[in-house]
Amino acid sequence: RSGGSDGGDGGGGGNGGKGPTGADPLPYVPPTIPTADNHAPIMTDTGTSGAVTELTTTPGLNYLTSYDVVGFSDVDTSDQHFITSITPLQGPKGSLTASIIFDSTGTGTGGEVFWSYRVLDSEMEYLAAGETKVEKFQITMTDAHGGYDSKTIAITITITITITITI
């Protein structure tokens, strides 16, 4: 699998921008029940970065989007996994959603967390041509037995032109 990004047309991420940064709450996560022999899930470093480039059209209500997949494993093959939080870091202008699309339950391997980022292109107009901004979000997942892991997703926004609107 490989990630991607595009200029977007406002279509947004996997759940239409809802979730931890939108109107709908995260899905139900069972209470944590610690066990003495529990092992935490382990998320990979692959898929933890993305990029978007400013649109070359007049700013407006267009979204810049990026997405990718972070893999994970858990030696406790009977564990089910849940995203427990998505924490914006350093005051981002965009939003990130994430969900588990394949769990490692049964095999302990092959788990995948899909994430999707989006920001209105007009939110980036304060940056000049040639400038970049990095927006970061921390995704935390649990196995509901006391084990958890977190990864930081970093999105690099590149500004290619500066548009001046005169009224």
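1. Two strands pair if DSSP finds at least two bridges between them. Strands here are DSSP E runs of at least two residues, numbered from the N terminus. In this model, strand β2 (residues 42-43) and β4 run antiparallel and are joined by two bridges. Within β4, Phe 72 stands opposite Met 43.

2. A word on the model. It is predicted, so local features need pLDDT of at least 70 and side-chain atom pairs count only at pLDDT 80 or more, while totals for chains, interfaces and linings use all residues. Residues are numbered from 1 along each chain as its sequence is written, and side-chain values use heavy atoms, without hydrogens and water.

3. β4 also runs antiparallel to β7, with 10 bridges between them. Tyr 63 has Leu 120 in β7 as its bridge partner. Nine of the 11 residues of β4 are buried (under 20% relative accessible area, 1.4 Å probe, protein chains only).

4. Next, the core. A nonpolar core joins buried Ala, Val, Leu, Ile, Met, Phe, Trp, Tyr and Cys residues through side-chain atoms within 4.5 Å. The largest one has 23 residues; Met 43, Leu 96, Trp 115, Tyr 117, Ile 139 and Ile 153 touch the most other members. Strands supplying at least two residues each include β4 (63-73) and β7 (111-120). β7 gives the largest share, four residues.

5. Is Lys 133 buried or exposed? Lys 133 lies in strand β8. Its relative accessible area is 16%, so Lys 133 counts as buried. Residues in contact with Lys 133 (heavy atoms within 4.5 Å), beyond four places away in sequence, include Gly 91, Met 124 and Ile 155.

Definitions and conventions:
Buried < 20%, exposed > 50% of the residue type's maximum accessible area, 1.4 Å probe, protein only.
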